[in-house]
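Subject: Structure handover and findings

Hello,

Here is the structure for you to look over. My notes follow below it.

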Amino acid sequence: MITSRIAAKLEGQYGAEASTASTLLEEAEGRMFHEAAEEKITAAVVILADGNVDKFLGAIELMETDWRDLLIAAELAHADWPSKLDDIFGTN
């Protein structure tokens, strides 16, 4: 499940294609975790993609290969990840 603050970021980055990006991300979550992933994992994809479709697809591929490497690449692997998400996506 995509949280409202991640959905808002996707909307800002991808505009009319935000729904497609959200669907791709949710489908990848389902393949990997068989349920919604933690917010920090979906956020990591959005952070790495930074509005670029090719980077978005690459970040999804990285999530499917090793989600821990995804967290490291997005600098969300440490205990301070909640404050980083707040800084990037705003508070809930």
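How far does α2 reach from its first C-alpha to its last, and what span is expected at 1.5 Å a residue? The reach is 22 Å for 16 residues, close to the expected 22 Å. The expected span is 1.5 Å times one less than the number of residues in the helix. Helices here are DSSP runs of H or I with at least four residues, numbered from the N terminus.

Some ground rules. This is a predicted model, so local features need pLDDT of at least 70, side-chain atom pairs count only at pLDDT 80 or more, and totals for chains, interfaces and linings use all residues. Residues are numbered from 1 along each chain as its sequence is written, and side-chain values use heavy atoms, leaving out hydrogens and water.

**Helix α2**

α2 covers residues 18-33. Its buried residues are Ala18, Ala21, Ser22, Leu25, Ala28 and Glu29. They sit on the same side of α2, because they cover an arc of only 130° around the axis. That arc is taken over the directions from the helix axis to the C-beta atoms. Buried means under 20% relative accessible area, exposed means over 50%, and partly exposed is in between (1.4 Å probe, protein chains only). The buried residues of α2 pack against α1 (4-14), α3 and α4 (53-73). Just after α2, histidine 34 takes a positive phi of about 60°.

Glutamate 29 deserves a look. It is buried yet has no salt bridge. The nearest side chain of opposite charge is arginine 31, 10 Å away. For charge, Lys and Arg count as positive and Asp and Glu as negative, while His and the chain ends are not counted. A salt bridge needs a side-chain nitrogen of Lys or Arg within 4 Å of a carboxyl oxygen of Asp or Glu. Leaving aside residues up to four places away in sequence, glutamate 29 touches Met1, Ile2, His34, Glu35, Ala36, Ala37, Thr42 and Met63. Contact means heavy atoms within 4.5 Å.

Threonine 42 lies in helix α3, residues 39-49. It is buried, at a relative accessible area of 0%. With residues up to four places away in sequence not counted, threonine 42 touches Ile2, Ile6, Leu25, Glu29 and Ala37.

**Helix α1**

In α1, Arg5, Ile6, Leu10 and Tyr14 are buried. Their arc is only 150° around the axis, which puts them on the same side of α1. The face turned away from that buried side carries the exposed residues Ser4 and Gly12. Cover for the buried residues of α1 includes α2, α3, α4 and α5. Just after α1, glycine 15 has a positive phi of about 55°.

**Core**

The largest nonpolar core has 25 residues. Leu10, Val45 and Phe56 have the most contacts inside it. The elements giving two or more residues to this core are α1, α2, α3, α4 and α5 (81-89). A nonpolar core is a set of buried Ala, Val, Leu, Ile, Met, Phe, Trp, Tyr and Cys residues joined through side-chain atoms within 4.5 Å. Phenylalanine 56 touches Leu10, Tyr14, Ala21, Leu24, Leu25, Val45 and Ala49, not counting residues up to four places away in sequence.

**Salt bridges**

How many salt bridges does the structure hold? There are 5.

One joins the side chains of aspartate 86 and arginine 5, at 2.6 Å from N to O. Aspartate 86 is in α5 and arginine 5 in α1, so the pair ties together parts that are 81 residues apart in sequence. Aspartate 86 is partly exposed at 33% relative accessible area. Arginine 5 counts as buried, at 8%.

Another pairs arginine 31 with glutamate 64, with the closest N and O atoms 2.5 Å apart. Arginine 31 is in α2 and glutamate 64 in α4, so this pair ties together parts 33 residues apart in sequence. Glutamate 64 is partly exposed, at 29%.

Arginine 68 and aspartate 66 also meet in a salt bridge, at 3.0 Å from N to O. Arginine 68 is partly exposed at 49%, whereas aspartate 66 is buried at 18%. Salt bridges that share partners join Arg5, Glu39 and Asp86 into one network.

Best wishes
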